[in-house]
Amino acid sequence: MKTNTENFCPKGQAEKVFPDMTYKLQSSVLSFETVKKDKELNLLPISIQRNGGITIISMDKLALMESNGLKTHIADKRSDIQFEEMRENLSYNSKDNELYINSLYAINSTVSLISKEKSGLTNKIEVKEEIKIKLLDK
């Protein structure tokens, strides 16, 4: 896996407020999670797009956070953070109604937020993750 990092603010400024999120997978498909069976889950807001032989399932994780009662705007003494987008796209080499994991070829995750500092400075932070899946030959 290769990680590209682009810094658009002076060295040391962003690190004080935001942790480095590039070492951890944003993808919920490939990350481990434990779910209690007795917990009632909200349905995941998705959209499905088909074009040619490709199907893309787009999951709106920000809407899921809101439906689970989680805050998308966090304000305290140190920072004011507003999440703008949390989306995950699964791309399949298939347009069938039933999609299988072996036709999954890409996962794209985006987390975007706006941060306002006490000084009035506003920063837009966007973390994008692109995972390409290659099938191994037997």
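The largest nonpolar core here has 9 residues: Leu62, Met65, Ile81, Phe83, Met86, Val111, Leu113, Ile125 and Val127. A nonpolar core is taken as a set of buried Ala, Val, Leu, Ile, Met, Phe, Trp, Tyr and Cys residues joined through side-chain atoms within 4.5 Å. Buried stands for under 20% relative accessible area, exposed for over 50%, and partly exposed for whatever falls in between (1.4 Å probe, protein chains only). At least two residues of this core come from each of helix 2 (61–67), strand 4, strand 5 (104–116) and strand 6, and strand 4 gives the most, with 3 residues. Helices (H or I, at least four residues) and strands (E, at least two) are DSSP runs, numbered from the N terminus. In soluble globular proteins, nonpolar side chains tend to be buried together.

The model is a predicted one, so local features need pLDDT of at least 70 and side-chain atom pairs count only at pLDDT 80 or more, while totals for chains, interfaces and linings use all residues. Residues are numbered from 1 along each chain as its sequence is written, and side-chain values use heavy atoms, with hydrogens and water left out.

There is also a second, separate core of 7 residues, with Ile57, Tyr92, Ile107 and Ile131 among them. Isoleucine 131 sits in strand 6 and is buried, at 13% relative accessibility.

Leaving aside residues up to four places away in sequence, asparagine 123 touches Leu113, Ile114, Ser115 and Glu117, where contact means heavy atoms within 4.5 Å.

On the charged side, the count comes to 5 salt bridges, each being a side-chain nitrogen of Lys or Arg within 4 Å of a carboxyl oxygen of Asp or Glu. One of them pairs arginine 87 with aspartate 60 (3.9 Å, N to O). Arginine 87 lies in strand 4 (residues 80–92) and aspartate 60 in strand 2 (residues 54–60), so this pair ties together parts that are 27 residues apart in sequence. Arginine 87 is partly exposed at 28% relative accessibility, and aspartate 60 is partly exposed at 22%. Arginine 87 also bridges to glutamate 85, with the closest N and O atoms 3.5 Å apart; glutamate 85 is partly exposed, at 28%. Another salt bridge links glutamate 126 and lysine 128 at 3.7 Å between the closest N and O atoms. Here glutamate 126 is partly exposed at 41%, while lysine 128 is exposed at 60%. Through shared partners, salt bridges join Asp60, Glu85 and Arg87 into one network.
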